[in-house]
Amino acid sequence: MFEKREEMKMWESILQTKTYQRRMEDTLQELEIQAVTGAGGFGAGKAAKEKFWNASIQLTAWKEVQSDEIHQGEILLSTPADDRLLRHLQNTVKQDSVIQCRVRPSRNGRYLLLLGPVQAGDDPGLKVLLEEQMREVTMEVEGLGTFTLERLADWFEIKTDWQGEEICLSFDREEEDAMERSIATARILMADQKDWDRRVRECAVKDLLDLANDWAAEEMDPEELERLDEEDEQPVSREQFLERLELESIQVEEDGGFEFWFRDGDMFYGHSIHVTGNLEDGPDWASIEG
């Protein structure tokens, strides 16, 4: 934890940079605000040649300190940041909290530029909104069970049985009609688990077995590889590949699309195996990710 003086010096070094000054040019007058943070903490990204991170956190509501008007709806609280400031923001500005800070709204209304340190807020109205925000949201789906909103991903999910194993089944939170179509996709998959499971795994074998053998060969003793070659065998057989796949989750979409995510059984050093497709054409692509 930084002392106040050290924190101010860290901010002063950022405020004086050309990157920060350019951001200031696109903003309006300074405001002192209190705000409610969303389900995620500070994240950041930058292009390859950029020196500073574009650090930001989602706000779900905010108000000027001297005003009773509360602005609801998602908006970013953002600032350029070096590694040190980014770590400090990630450690001290928490998700699902009320905060107070100085900002300058962007001219396009898409973000609030952070002007310095963030401290805890105490606005009663915002605290009420935070309590509502953190209440569990569920959806009862006939035949499938009770789905719970996972706020960070903004999807509804449920732990359910697939071929005797527990997996996570999910669909995005959208308009009611769109969610009903996603649920219809889920019903079709769940009703014929054996066939869909076989087809999805076959797609993974078709697209990734050769790659799995390439990865395995890199770790094997040359003499063992030579022996396998003489016996016309591979380091990872088709049967071994299928046995090592462990289904983790299924995501369904309103247009009939689906995504199956598997643990890789260490064939790809812990990367996930991702199979996509749709109800009409079946599984059509498998890749490793993560």
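This is a predicted model: local features need pLDDT of at least 70, side-chain atom pairs count only at pLDDT 80 or more; totals for chains, interfaces and linings use all residues.
**Close-up 1. Strand 10 (155-162), strand 11 (165-172), helix 6 and strand 12 (246-252) each contribute at least two residues to the lining of the second largest pocket.** Sorted by class, the lining of the second largest pocket comprises five nonpolar, two polar and eight charged residues.

**Close-up 2. Helix 6 (residues 193-218) bends at Leu 208.** This helix, which also supplies at least two residues of the lining of the second largest pocket, has 26 residues and reaches 35 Å from its first C-alpha to its last, close to the 38 Å expected at 1.5 Å a residue. The bend at Leu 208 is about 55 degrees.

**Close-up 3. The largest pocket holds about 430 Å³ of space.** Its lining is made up of 16 residues, of which Ala 39, Thr 60, Glu 74, Arg 151 and Arg 173 lie nearest the centre of the pocket. Strand 3 (53-64) and helix 4 (124-134) are the elements that give two or more residues to this lining. By class, the lining of the largest pocket has four nonpolar, six polar and six charged residues.

**Close-up 4. Val 93 occupies the loop between helix 3 (83-92) and strand 5 (98-105).** With a relative accessibility of 2%, Val 93 counts as buried. Val 93 and Val 118 are 25 residues apart along the chain, and their C-alpha atoms are separated by 7.1 Å.

**Close-up 5. Gln 163 and Asp 266 each have a positive phi although neither is a glycine.** Most residues other than glycine have a negative phi. Gln 163, for which phi is about 55 degrees, lies in the loop between strand 10 and strand 11, two of the elements that each supply at least two residues of the lining of the second largest pocket. Its relative accessible area of 41% makes Gln 163 partly exposed. Asp 266 has a phi of about 65 degrees and is placed in the loop between strand 13 (257-263) and strand 14 (272-278). Because its relative accessibility is 57%, Asp 266 counts as exposed, a class that begins over 50%.

**Close-up 6. Ala 184 of helix 5 (residues 176-191) is shown together with Val 252.** These two residues are 68 residues apart in sequence, and their C-alpha atoms are 9.0 Å apart in space. Ala 184 is partly exposed, with a relative accessible area of 36%.

Methods: Residues are numbered from 1 along each chain as its sequence is written. Side-chain values use heavy atoms; hydrogens and water are left out. Helices (H or I, at least four residues) and strands (E, at least two) are DSSP runs, numbered from the N terminus. The expected span of a helix is 1.5 Å times one less than its number of residues. The bend at a residue is the angle between axes fitted to the seven residues ending there and the seven starting there. On a 1 Å grid over the protein atoms alone, a cavity is a set of points where a 1.4 Å probe fits but cannot get out, and a pocket is an open set with protein on both sides within 12 Å along at least five of seven lines; lining residues have an atom within 4 Å of a point. Grid points are joined across faces, edges and corners, and a volume is the space filled by probe spheres set on the points. Ala, Val, Leu, Ile, Met, Phe, Trp, Tyr, Cys and Pro count as nonpolar, Asp, Glu, Lys and Arg as charged, and the others, Gly among them, as polar. Buried means under 20% relative accessible area, exposed over 50%, partly exposed in between (1.4 Å probe, protein chains only).
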